[in-house]
Amino acid sequence: MIDHPELLVEMSGKDTTCTKPPASTAPAPPDPANGTSVSPDELHTPAFVKSHKWTLLMAFALVAAVVFASVTWLRGISVPVAIARRANLVETVVASGHVESRFRVDIGSQMTGTVEQVSVQEGETVRKGQPLIVLASDELTNTQTQARDVMVQAQAHIRQLRELSLPTAREARRSAAASLLATQQIYDRATILMRKGFMTRAALDDAQKNLDMARATVRTANAQIESAQVGGSDYATAQSQLDQARAALAAASSRLAYTTILAPRDGVLIARSVERGAVVTPGQTLMVLAPAGSVQLVVQIDERNLGKVALGQPALASADAYPNKQFPATIVFINPGVDITRASATVKLAVATPPAYLRQDMTVSVDIETARRQAAIVLPGTAVHDALSTKPWVLLVRNGRAVRQNVTLGLQGNLQVQILRGVAVGNAAVPTTASITAGRRVRAQAP
């Protein structure tokens, strides 16, 4: 093929001569611009090149594109690949939730009353026994005073029986006993005299009557002693009155104590719904207390991951307000039921040493470690197609082509996926983000 028609090279032996070729008798090619014929000599003139430079450039570009496409097709398109390797893999389940205490205490009033004072604000830390709310107490104070007066009277009655009635009854018995002795002697002499005929029957009857009265007086004195001493009827009545007075005083004191509502334990006041002047009733929640020292995380786990989580699994948590600070937690509760509206289950994690910045109802993110594998064959999750299906697969680079390969997956971490079967260490996999189909020629571009 003659690249330059204006030169003809003849070679004979060692001599070389150059002569102009004879003028061609063939008709000149037509000019693309105006349809006229152009002679071969005119094709390489500067004027021709200048006047047809854009046509020539387009032809050259077309030829270059064809050559480039051919080379590219033969070599394959360059794509970044992920190389299968061995690494330690940790599978985690990510969930979000909030902070709360293990239990909360609803604080209310045990009686109806008017609020006179509210001593604490929402968010304050309180101690056990600290006054929180004070109710009006004038009426109950008066009731307590009256009950105390009644108790004092009952106590005075007991002392009267012990210090006055009982000694008086004993003295009366001694007097009655002495009188009985004298009356008995008079009766005995009257009986003797009656037998001897020195006394009439009427006198003896008087002596008998006096003797009976003396005996009755002694019996009365004994009864008074028995009644006034411990175990007697008067003493029992007085003791009963004292007990009733004490009970009434205790009830009045208790009701009076109800007017001051105290903190049941140490904690943080997380809610308050009462103000001064409000009328409160029993059963109404006035404040909510989160007890100190009992912090847990409550998160929602997708039901698809329930088979992976178990009691005792460790986790790392971080509050959304402090994303760069993590603290450990442990699963202590898994709700056996599933919320059908959210397709999730409630899981609670205990925080043994909660950081000081944690607050009630803070939003937290939790990474629960569900499994761990040493020296597993892993690929990035972006290299696995249909990872959640029953037939995951990858595109491997083999002999310059993309080849579809079914795989069996193991643990699935946040970024890496364990490959149990289908991929060997060193295999190059095409990421799912590359628009490459199986069978296409490719050149692996190592990361």
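1. Starting with the contacts: among those in the protein chain with a separation of 6 or more, 72% are between residues 24 or more positions apart. A contact here means heavy atoms within 4.5 Å.

2. Some ground rules. This is a predicted model, where local features need pLDDT of at least 70 and side-chain atom pairs count only at pLDDT 80 or more, while totals for chains, interfaces and linings use all residues. Residues are numbered from 1 along each chain as its sequence is written, and side-chain values use heavy atoms, with hydrogens and water left out.

3. The overall tally: the protein chain has six helices and 24 strands (DSSP runs numbered from the N terminus, helices being H or I with at least four residues, strands E with at least two). Of its 447 residues, 30% count as buried (under 20% relative accessible area; exposed is over 50%, partly exposed in between, using a 1.4 Å probe and protein chains only).

4. Have a look at strand 14 (residues 295-302). Six of its eight residues are buried, so this strand is largely enclosed by the rest of the structure. Strand 14 pairs antiparallel with strand 5 (residues 85-101) over five bridges; pairing takes at least two DSSP bridges between two strands. E100 has Q296 of strand 14 as its bridge partner.

5. Strand 17 (residues 344-350) also runs antiparallel to strand 14, joined by seven bridges. There, T346 of strand 17 stands opposite Q300.

6. Finally, G283 sits in the loop between strand 12 (279-280) and strand 13 (285-291). G283 is exposed, at 77% relative accessible area. Its C-alpha is 9.6 Å from that of D106, 177 residues away along the chain.
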